[in-house]
Amino acid sequence: SSKEGKSGAGGFARPHPAFPQNENMKQMLKSRLPALAMMLLMMLAAYLAFLVPSGTALELRDRDSDTRIASWPIQAGDELSLEIEHSFEHIPWYEFYTVTDDLQFDLDRIAVAGYGAGVPAEMDVPTHIEGGLVWMEEIHSLFPTLHWITSNKYMKTFTLNGTEIFDFRTLPDASRVEAKIITTRGYLFRD
């Protein structure tokens, strides 16, 4: 019958000529295995090099041009301080921040060489005088980012764990600056 002509022994269809036999398929896959393994290895290397989270960084950015000014590795528990001169009397002002576990800035304390306009005189926090400065402690105000309009005369230095990392007087006067903590990605091309 015509059915027997289209199928082989036992009623199974003969392989179509466009599809290789089972042995040919195994040989074809075997010959392509090294190329497939190399492609997978290259994809893994690209992921590690460019995409995997590799740490966190404190990034200082110009808010007008959205360009990075500088960045430094940072982690939870690190301490930052900012030194400025305040008011016409040039009162020294220091702000101290700790990086929280969720990567925010915790304003821990402020030290100021006096009181006047703009200086918080009645904060409900422990306050004492030491070294000619009024210290206001245990403030714990959280900031996801810090924003400033800089002064090339009165806004001075930024320190990380006691080491000066940036001098704001190097920027043009009235620069609009942002400090934020970012997740860095990849292990290649890191600053």
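Which strand holds isoleucine 149? Isoleucine 149 sits in strand 9, residues 145-149; strands (E, at least two residues) and helices (H or I, at least four) are DSSP runs numbered from the N terminus. This is a predicted model: local features need pLDDT of at least 70, side-chain atom pairs count only at pLDDT 80 or more, and totals for chains, interfaces and linings use all residues. Residues are numbered from 1 along each chain as its sequence is written, and side-chain values use heavy atoms, with hydrogens and water left out.

**Isoleucine 149**
- Isoleucine 149 counts as exposed because its relative accessibility is 57% (exposed is over 50%, buried under 20%, partly exposed in between; 1.4 Å probe, protein chains only).
- Beyond residues up to four places away in sequence, isoleucine 149 touches Arg63, Ala174, Ser175 and Arg176 (contact: heavy atoms within 4.5 Å).
- Serine 175 lies 26 residues from isoleucine 149 in sequence, but 5.4 Å away in space, C-alpha to C-alpha.

**Serine 81**
- Strand 3, residues 79-86, contains serine 81.
- Serine 81 counts as buried, because its relative accessibility is 15%.
- Leaving aside neighbours within four places in sequence, its contacts are Glu95, Phe96, Thr157, Phe158 and Thr159.
- Between serine 81 and tyrosine 94 there are 6.8 Å, C-alpha to C-alpha, at a sequence separation of 13 residues.

**Methionine 39**
- Methionine 39 belongs to helix 2, residues 22-51.
- With a relative accessible area of 43%, methionine 39 is partly exposed.
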